[in-house]
Amino acid sequence: MLNSLYIKHQDLKEAAAIERRRQYEESRRQRIFNARRRVIGIDTAALDHQLKEKHEIEQEELERKRKFEEEQRRQNQLVQQKNREQQLLRHQLENDVNHFRSLHQRPEQSRDFDLFDPNGLKKTLPARLGDDDPRLTVSGAQKFDGEDLTEKDRKRIQMQQQRSWLEQQIRDKRQAEMDRVAAEKFLEETLEAREQRVRQLAAEERTTRHRIQGNVDQFNRHLMQQQEYDRQQKKREEEEDNLAEIYNHLTSDILTENPEVAASSLGPNRIIPYAYKGMGPEELEQIRVGQLQQKEELERRRQAEQNHKEAWDQLANDFDNTVVLKDRELNRRRQKLAEQIRRENSQLSDEQQRKLAFLDREVYQNRPTMAYFEQFNTTSR
């Protein structure tokens, strides 16, 4: 009984092995006698997978280029918008300056208006009111028919003063225009250089481009806020200085001079010439002290502006140096990677040459004949 069971078990194992070999032979015959796979000798599934991966990589590259172009267009639009805003702000500032000048810097409000006032002589009291003026004495030598000895010198001096004032205004206007043109040119060059630098860095690496762009945006915002704060601060200081100047003019000794000492008993608008001595040494000394203080204050402001400008220039130079260092580091990495790839390719080339030489020297010694090829394809084995 045990022997019969063992024999039956062996028969089943042998039958299963035969069926397994038959199925393997059938699948092997399908693979071998498939002309396409036998001749080409490649894996079509792997090729399809590679084609799919290549197509996905191309799609990702196109998508990345499209996003980069969109980002570049957005940055260009942002720069154009900033330029338009700065131009509108510049026009608004010029309009405000002109409006302020028309309100608070009229000719009659200047400190030396009395020197070129066209009606100044009409407002002053003449040296004499007529030939019967009781102020005139014989020793005063005031009565000369038709004489005005200082008329030519007075007119010449007045013309020279007007000419010098006009030339000074022309120089100030030209200097202001040159400063404005230089500032606009510097701003345009700075924006152009920054935009070119961003484009160059954007082509290297996406993460580096985002980080640099974030730094540039933060720097621009900080610069715009600082400029706006400086402009507001300067505007407030100018308004305070102008109001203080107007108040000083209105309350100064020049306009509020005490007329009681030189007042004449002949009328409220008459003065005694010999009693009026002009400004005293104390008043002149106060004026000189005030001028020195104003000069020191102006020098201090200029120094502060110069320090502020140097600080911003240093910040810009540091930023440029950082960008240059990053660019150099990327170039060094790229060169190092290229050198490593070149060495690996050289090693692979040498190894392939040695392998080919070994095959030609050791393996491919006997050339196959037609009889060797005719023994194939007779069976699946």
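## Aromatic pair

Rings of Phe, Tyr and Trp, the last taken by its six-membered ring, count as a pair if their centres lie within 6.5 Å, and planes over 60 degrees apart make the pair edge-to-face. In this predicted model, the structure holds one aromatic pair. Its members are phenylalanine 219 and tryptophan 312, with 6.1 Å from centre to centre and 70 degrees between the planes, hence edge-to-face.

Phenylalanine 219 belongs to helix α7 and tryptophan 312 to helix α8 (residues 281-363), so the pair ties together parts that are 93 residues apart in sequence. Both phenylalanine 219 and tryptophan 312 are buried.

## Nonpolar core

Five residues make up the largest nonpolar core: Val198, Leu201, Ile212, Val216 and Val323. Helices α6 (151-202) and α7 (206-251) are the elements that give two or more residues to this core.

## Fold and surface

The chain has nine helices and zero strands. Of its 381 residues, 7% count as buried. The accessible surface comes to about 32,900 Å², and carbon and sulfur atoms hold 53% of that area.

Among contacts between residues at least 6 apart in sequence, 59% join residues at least 24 apart.

## Confidence

The average pLDDT of the chain is 78, and 77% of the residues score at least 70. Among the elements, helix α3 (residues 44-104) has the highest mean pLDDT, 87, while helix α2 (residues 35-40) has the lowest, 57.

Conventions. Residues numbered from 1 in each chain as written. Predicted model: local features only at pLDDT ≥ 70, side-chain atom pairs only at ≥ 80, totals over all residues. Heavy atoms only, no water. Core = buried A, V, L, I, M, F, W, Y, C linked by side-chain atoms within 4.5 Å. Buried < 20%, exposed > 50% of the residue type's maximum accessible area, 1.4 Å probe, protein only. Helix = DSSP H or I, 4+ residues; strand = E, 2+ residues; numbered from the N terminus. pLDDT = per-residue confidence, 0-100. Phe/Tyr/Trp six-rings, centres within 6.5 Å; stacked < 30°, edge-to-face > 60°. Contact = heavy atoms within 4.5 Å. Areas by Shrake-Rupley, 256 points an atom, 1.4 Å probe, with all protein chains shown as cover.
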